[in-house]
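I wanted a plain record of what I looked up.

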Amino acid sequence: MAQLNLEFRGHTALLTMSNPPANTWTQDTLTALRDTVRSLNQNNDVYALVITGEGQKFFSAGADLKLFADGDKAVASDMARIFGEAFETLSQFRGVSIAAINGYAMGGGLEVALACDIRIAETQAQLALPEAKVGLLPCAGGTQNLAWLVGEGWAKRMILCGERLSADKALQIGLVEEVVGTGEALSAALALADKVAEQSPSAVTACKKLIQQGRSGAINAALPLERELFVGLFDTQDQVEGVSAFLQKRPPQWVNG
């Protein structure tokens, strides 16, 4: 059975991590994630991506620490590279990515959620970046994405002090955007993904690029780009369709182009 299962529900791609018992990442599944997202970027019928874990206990426990037990630097280098490639590709997905956190999200399991645009957690979920407890560090964007989302103080509490957070605390500090009941994360994520399909895909891609621009550049650089991308939308069919549909009081029919 594949350890990363892909299915389509309307304009939403659903990826399920399926490597029991803890849905850990392997080099093969990380490569598959990277290649899948690249493929989805070329599929104009896909507007949103939902990622979740199989089972009722784990979203993902991250990397299998047995990989690092012998201290082999070559293995560490290969894993760090593919973790980075996979999660950076996910972060740059042209549509909206939503993590449906259905249980424990630890280490690389939390980092994949951090690489998504939006996180929905079930009430029993636990979230942590515990790498320093075993002499390691989060190497797949964790130190950067967590600090960006929740601020330096809470990032340091989680990474430097090893604090594990409940779903409610994660909501309080802005690590997740919504908390739902046990077993409800996937349906909530799919419902949110359906809302994405009501938006112009071209506009969503441009807006996401601008929002994330703030992570790597100053506002003085982003503001001219904002205006440039706005004008660029007038080269798309969806811009004409969106305005026309509004004026004609009908739902728009997006073509993602």
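Here are my entries, going from the whole protein to single residues.

**Entry 1: the whole chain**

I noted at the start that this is a predicted model. I then asked how many helices and strands the protein has. I found 10 helices and 10 strands. Next I looked up the radius of gyration, which is 19 Å. The globule rule gives 18 Å for 257 residues, and the two values are close, so I wrote down that the protein is as compact as a globular protein of that length. I also looked up the box that the C-alpha atoms fill. Along the principal axes it comes to roughly 65 × 40 × 35 Å.

**Entry 2: inside and outside**

How much of the protein is buried? I read off 45% of the 257 residues. The protein exposes about 12800 Å². Carbon and sulfur atoms supply 54% of that area.

I looked up contacts too. I took those with a separation of 6 or more, and 68% of them join residues 24 or more positions apart.

I went on to charges. There are 21 positive and 28 negative ones. Their mean positions lie 4 Å apart.

**Entry 3: the cysteines**

How many disulfides does the structure hold? I found zero. I checked C207 as a case. The nearest cysteine sulfur belongs to C116, and it is 19 Å away. A disulfide needs the two sulfurs within 2.5 Å, so C207 is in no disulfide.

I placed C207 in helix α8, which covers residues 201-216. Its relative accessible area is 43%, so I put it down as partly exposed.

Is C161 buried or exposed? Its relative accessibility is 57%, so C161 counts as exposed.

**Entry 4: T12**

I found T12 in strand β2, residues 12-17. Its relative accessible area is 2%, so I marked T12 as buried. Which residues does T12 contact, beyond its neighbours within four places in sequence? My list reads E7, A48, V50, L190, A193 and D194.

**Entry 5: A86**

I moved on to A86, in helix α2, residues 73-91. Why is A86 called buried? Its relative accessible area is 0%, and the cut-off for buried is under 20%. I left aside neighbours within four places in sequence and looked up the contacts of A86. They are L30, L33 and R34.

I also looked up the distance from A86 to A140. They sit 54 residues apart in sequence, with 8.6 Å between their C-alpha atoms.

**Entry 6: V96**

Not counting residues up to four places away in sequence, V96 touches Y47, A48, L49, D117, I118, V196 and V204. I noticed that A48 is listed for V96 and also for T12.

I closed with one more distance. V96 and N145 are 49 residues apart in sequence, and I read 17 Å between their C-alpha atoms.

Notes: Residues numbered from 1 in each chain as written. Predicted model: local features only at pLDDT ≥ 70, side-chain atom pairs only at ≥ 80, totals over all residues. Heavy atoms only, no water. Buried < 20%, exposed > 50% of the residue type's maximum accessible area, 1.4 Å probe, protein only. Helix = DSSP H or I, 4+ residues; strand = E, 2+ residues; numbered from the N terminus. Rg over C-alpha atoms; globule rule 2.2 N^0.38 Å. Contact = heavy atoms within 4.5 Å. Areas by Shrake-Rupley, 256 points an atom, 1.4 Å probe, with all protein chains shown as cover. Lys, Arg positive; Asp, Glu negative; His and termini not counted. Charge placed at Lys NZ, Arg CZ, Asp CG, Glu CD.
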